[in-house]
Every structure is written in C-alpha cells, then in structure tokens.
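This note is written for a colleague who is meeting the structure for the first time. Please keep the sequence and the model in view while reading the points.

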Amino acid sequence: MTELSYRDAVRQALIDALNADERVFLMGEDVGSYGGCYAVSKGLLEEFGPERIRDTPLSESGFTGAGIGAALGGLRPIVEIMTVNFSLLALDQIMNNAATIRHMSGGQFNVPLVIRMATGAGRQLAAQHSHSLEGWYAHIPGIKVLAPATIDDAYGMLGAALADPDPVLIFENVMLYNRAGTRSDTTVDITSAAVRRAGKDITLITYGGSLWKTLEAAEVLASEGIDAEVIDLRVLRPLDDATILGSVANTRRAVIIDEGWRSGSLAAEISARIMESVFWELDAPVGRVCTAEVPIPYPKHLEDAALPQVPGIVAAAKATFGTTK
Amino acid sequence: MTPAKKAKLHLNRGNALDRLKMMIRIRRFEEKCAELYTQEKIRGFLHLYVGEEAIATGVMPALNTDDAVVATYREHGHALARGLPMNAVMAEMYGKHEGCSRGRGGSMHLFHEPTRFYGGNAIVGGGLPIAVGLALADKMLGHQRVTACFFGEGAAAEGEFHESLNLAALWKLPVLFICENNLYAMGTALARSESETDIHTKAASYKLPSESIDGMNVVNVEAAARRAVAAIRADQGPYFLEYRTYRFRAHSMFDAQLYRGADETKEWEAKGPIVRFRDWAVTAGLIHAADVEAIEQEVSGEIAKAVAFAEAGTWEPVRELTRDVIAGGKL
Ligand SMILES: Cc1ncc(C[n+]2csc(CCOP(=O)(O)OP(=O)(O)O)c2C)c(N)n1
C-alpha cells in the first residue's frame, strides 16, 4: 500500500500497460513533449519513445478514427482526448464507427480501443471545458463507459479496459487528479458497481467526482440519524442493475447524484429502472441531484451553484423522508 | 475615410503613436492579468498574447466599425484593439457582473455586441465556421461587411479549418482568415504536427488569395490587412493572411514549457513587436522618447482604473443562473 495521487495511479497504469504489451501505445494531443494537459503522461515520452507516446496534431476526429483503425489492425491503442468537450469533434468516429463495427460486420471485426478523457467542472474553465457528457456516451450501445472515482479504479480500470475486446471509454473527473490515497493490490472488474458505504435507510447512487461529495453528505446524514448506503456506479454502461436494485429494495429510498444535466440524464435512466423493477418496494419517489441546466459559467459562485453539492444532496435525501425524519 | 484611403496605410506621427499605444495597452493589461492570476483574482485558464500584439493592433484599423470579429481563447488583445472598453474586459476577467459577457465567460469568452465581437471561442477551430456563417449572412442580406476570423496555426490541423476555407472560397464569402502562427500549439511545435508547415499554401490550395507576413512588424501587419480587406470588399471573396509570430509566455498559466528552451524565447523577445516598432519610430523621428513615457503613464492609469472597476464590480446573483440559457427563461 503506497500513498499516491489519482493522476499518479493513472500514470502507473499506463506504464504497466505499456510494459506488459508491445501492442499498447498512447496517442493524443500533447501527451508527449508537453507531458499531457493534466500531466498524466509526464515522463512517458522519455521512457517509451515517440512511437508509443505519440503526439498528435489537433485532429480529434482523425486520431480517434486512427485509433479505431489501429485497433482493427491488431494494436491496442489508448487514445487520450484532453477534455470531454473536445471529444465532440470525435463523436462521429466513436458513435458511427467504434460502437457499430462489431455488430454491423456481423461479428467479423471488433475494436479493442481504449479512449481516456477528462470530464467535469470545478476549475472555473467555463462553458467549453467543463461539461460532464459521460451520460451521453452511456446512451450508446457497442461501447463500455467507465468512471473511476477511486485510486484503485484509476489504476485498475485501464488494464481491464485494455483486456476488453470492445471499445471502452474512461472518464477521469478533473477534480480527482490531485486526490491522494492508497492503492491496494486488489484487481478490479469493469462490470460491477461498488457499495462504498453500507447503510440501511436510503441508497445514494453516484459516480465519478460526485462520489466524494456524496460520501460527505452521507456523514452529515449519519449525524442526523439517517444511515445512507452509497453506491459508486463505476461502470456507466452497462449499468450494474443487480447492485443498484438490490440496495434500493433494501433501503426503500433512493437519490441519484449525477454531474450531468438532469433532462435525459443517466440519473433519469437509473430512476426509470428503479421504478420498473422495485416500484412496490419504494417508500418515497426517487430523488435526483443533477447539474443545473445551464452551460457551466466561469465565476466560482455560479459554478458552485450549478453543480451538485453536499447540502443539496443532504436536502434531497431528507426530502425522501418527508417531514418524518 | 474613403475606401481608397482606408485601403492604404499612411504612417504619420498620429497613427504611429496610436499603434504603439495599443500594443503597450495590451501588453500592460496582460501583465496585470498575470499578476492578478497569482493573487487568484482571475481564475480558470488564462492565455496571454504577449509577443503577438502587433497582429491585433495592425489588423483592427483595417476594419470598419460594422465589420465582425471572431477570435479564440487568446483574445484579450483582439478585444482591446477592437475597442471593447478595458473596464468591461477586466471585469470579465474577474467574472464580475459588469464584465462584457456578464461575468459568465471569463478570459476565454469575451463577447461584445456593440463592436460585433463574436467571442472568445475555446474550441480550437470552432470559430472558423461561425465566421463563414456571419459572412454568408452578410452576403445574402446584402450587407457590405467583412468578418475577420483569428485563430492559431494549431487550428490548421482540424477538419473545420479545411471545411471553412473551402466553403468560404466556394461561396465567395467576405471572410478575412487570420492565422496567428506562433509556431507552437500548446507544446506541439509546428513541424511536429503538420506535413506542410507553410500554412498559407493550404489556403492557396482552396483557391484563396493568401500571404505569409512577418507578424512582429505592426506596419507590415497593417499594410497586409488593408490590402486583404480591400480585396475582399472589391470582389467579395475570402482572403487568407498568415502572420508569423511567437508567444513569449507559457501557453496558459499551467504550462511548464518543457517543449522549448529559454534561449529561443529570448531570441524572439529581442525582436518583439513593441521594442521593434518603438525603436524604429524613434529613430525615424516619428515619435520621441518622451512620447513613450507619456503612453506608459496613460496606460498605467487606465489599467489602474480598470482594476478598480473590476474590484468594485458585483457578483451576478445566483438566482440569475438560468437566465439567458434560452430566450424567455423557461428551460
Ligand atoms: C478542439 C480542441 N482541442 C484541443 C483543445 C486544447 N487546446 C487549447 S489551445 C491548444 C493549442 C492551440 O494552438 P494554436 O491553434 O496554435 O493557438 P495558440 O494557442 O498557439 O494561440 C489546444 C491543444 C481545444 N481547446 N480545442
């Protein structure tokens, strides 16, 4: 067990993957001589050389598509896109090619591609650098969508994603890079949600950067006599229904905390699944805490107001108890 | 000014002082911003234009007040040179309600309707299609106007660059494309990102008239811009200018500049646009050392006022958060 940051955990995962498999290479804008826009790949160019730590021009659609081609051609590319907002320039390749080729070719071809990108708000980067669009990606059949929130997942999910025969997108919340913690040597899967805090009164369902706010909210709730269970989705597609529904059936209450916008969100999807499957177990309507439906504004007070925060999570959890608790 | 007069650059004492003052205004404004950034008054990303001031300074006088400007996230210089009030720009840097974008945009998203300043776009290449559309509207509505679109050489790698150049040329639209080639896109040197490093030839391949010009010389910059704008107004087709320049500072405040040496920066600083023009104009007898001193004083007063204005500014009330997402307010 060593103390390290989330950033270091991702970097270590990259190093281990590059060492483990000759076919693995990293490509993206400024991953090499700049050291990565969030410094994740710092030092890798020196260690692995420009063939395998491949700087690309500003051509998101081009190099993501090239990643798809390289995966088809027998390599195991890791494509880094600086920020989810820029991934929209590559959305065509991700949606129309990466996600479709296996099915469209009748199973003849598959795309073992990993795409990593930063997501989320909180650094006052305003409306073209701050969004959380992983819920959109989770809409697309044919890809897997991961949201590591812990050091173990930041490290372990990359290897698991590379071992997967299909395209896997990994969303790294920008507010987590500096988060420090310890890494255990447990291997992680990319199929299940995790219960990060056991509780019996209510289930709080979240992922990514909101996990830590939700755990904090759970402590506040505990101090007020409400014992919350916190589920970290980890895998946004496919969703681990069993863990989610099992917990809600047990606690009979649920609030979903999602940094995406509310309308048409992942939170909406989870809420619908709860209603479809465990409606008769519920003691209260499912609650949601999402980002306000605005492009993320620059000033701190407005950015804070737009995002899910601890007091809002606490209030939403309490609201499911009406006035009784 | 008559069109013919506007097309030529007549350098006299008056406009020499104007150009020098504008470059100094931009430089000192940004130096102040860097300082305010370390004090955490300005947050988020801050991209400085230091070293590149001659371009915005030289291009804007070639435009009319009803022309349009589209810029990038490195746009403080363009905003000031276009005539946005410094107070409103500084307040925007702070995120204050009195800022030119109501505080919501910050450094990367300066907008200003009165001067037809269409942003501050932080998606590389994202501004080019918008400029094409503005020009298309002008053409279809019969307005005799030009849209000036600024972007870095990094944008030349994006598909939107190529799509936009082709559209503008195909439809003969009045767009002035201005590539500010400072040799680096973040940490990526031009030769490491382009098979053809001569950017202006790319435009030529789409049949745009294009030129490559020393962007460190404000006189050359302006002369080329006037020539280009005159050509656009004459036959209503696009024009491409590549200005060769250099960014003296880091890409943003988060950049350790591992990709270039300090010597290279020093070399360029020595031929920087301000020293170069100032020394030339003094030697030519157009201006005097005392003029420079007077400009510095005036500019420093203006900046102090802008900082005071921003400091005194207010925060937009949180209840206004969802205002202007769409007209009317219902989300
Ligand atoms: C589509 C997109 N991809 C990546 C980025 C991140 N990014 C911001 S500026 C920049 C470099 C752009 O270089 P250039 O166009 O030459 O302009 P300069 O910054 O040198 O003025 C990059 C990679 C972005 N903002 N948008």
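The numbered points below go from the basis of the model to the interface, the cysteines, the salt bridges and the backbone.

1. Basis of the note. This is a predicted model, in which local features need pLDDT of at least 70 and side-chain atom pairs count only at pLDDT 80 or more, while totals for chains, interfaces and linings use all residues. Residues are numbered from 1 along each chain as its sequence is written, chains are lettered from A and ligands numbered from 1 in the order in which they are written, and side-chain values use heavy atoms, with hydrogens and water left out.

2. Extent of the interface. Chain A contributes 31 residues to the contact and chain B contributes 39 residues, where contact means heavy atoms within 4.5 Å. Together the two chains bury about 3,000 Å², with 65% of this on carbon and sulfur atoms. Tyr34(A), Leu58(A) and Tyr298(A) account for 25% of the area that chain A buries against chain B, more than any other three residues. Buried area here is the accessible area (1.4 Å probe) that two parts lose on being put together, summed over both.

3. Polar links and make-up of the interface. Between chain A and chain B there are 12 residue pairs in polar contact, both residues being at pLDDT 80 or more. A polar contact is a pair of N or O atoms within 3.5 Å; within protein, one must be able to donate a hydrogen and the other to accept it, and residues adjacent in sequence count only if both atoms are side-chain atoms. On the side of chain A that touches chain B, helix 12 (residues 300-306) of chain A gives the most, with 4 residues. Helices (H or I, at least four residues) and strands (E, at least two) are DSSP runs, numbered from the N terminus. That side of chain A comprises 19 nonpolar, 6 polar and 6 charged residues. In this division Ala, Val, Leu, Ile, Met, Phe, Trp, Tyr, Cys and Pro count as nonpolar, Asp, Glu, Lys and Arg as charged, and the others, Gly among them, as polar.

4. Salt bridge across the interface. The rule finds 1 salt bridge between chain A and chain B, a salt bridge being a side-chain nitrogen of Lys or Arg within 4 Å of a carboxyl oxygen of Asp or Glu. Asp55(A) and Arg192(B) form a salt bridge through their side chains, at 2.5 Å from N to O.

5. Cysteines. Over all chains, the structure holds 0 disulfides, a disulfide being a pair of cysteine sulfur atoms within 2.5 Å. Cys149(B) is buried at 0% relative accessibility, and Cys179(B) is buried with a relative accessible area of 0%. Buried means under 20% relative accessible area, exposed over 50%, and partly exposed in between (1.4 Å probe, protein chains only).

6. Salt bridges within chain A. The whole structure has 47 salt bridges over all chains. One of them pairs Lys200(A) with Asp227(A) at 4.0 Å, N to O. Lys200(A) sits in the loop between strand 9 (194-197) and strand 10 (202-206) of chain A and Asp227(A) in the loop between helix 9 (210-223) and strand 11 (228-232), so the pair ties together parts that are 27 residues apart in sequence. Lys200(A) is exposed, at 56%, whereas Asp227(A) is partly exposed, at 23%.

7. Salt bridges within chain B. Glu296(B) and Arg28(B) form a salt bridge whose closest N and O atoms are 2.7 Å apart. Glu296(B) belongs to helix 12 (residues 289-312) of chain B and Arg28(B) to helix 2 (residues 13-38), so this pair links parts that are 268 residues apart in sequence.

8. Backbone. Most residues other than glycine have a negative phi, and most peptide bonds are trans. Arg237(A) and Pro238(A) are joined by a cis peptide bond, with omega about -5°. Lys207(B), which is not a glycine, has a positive phi of about 70°; Lys207(B) lies in the loop between helix 8 (199-205) and strand 7 (210-214) of chain B.
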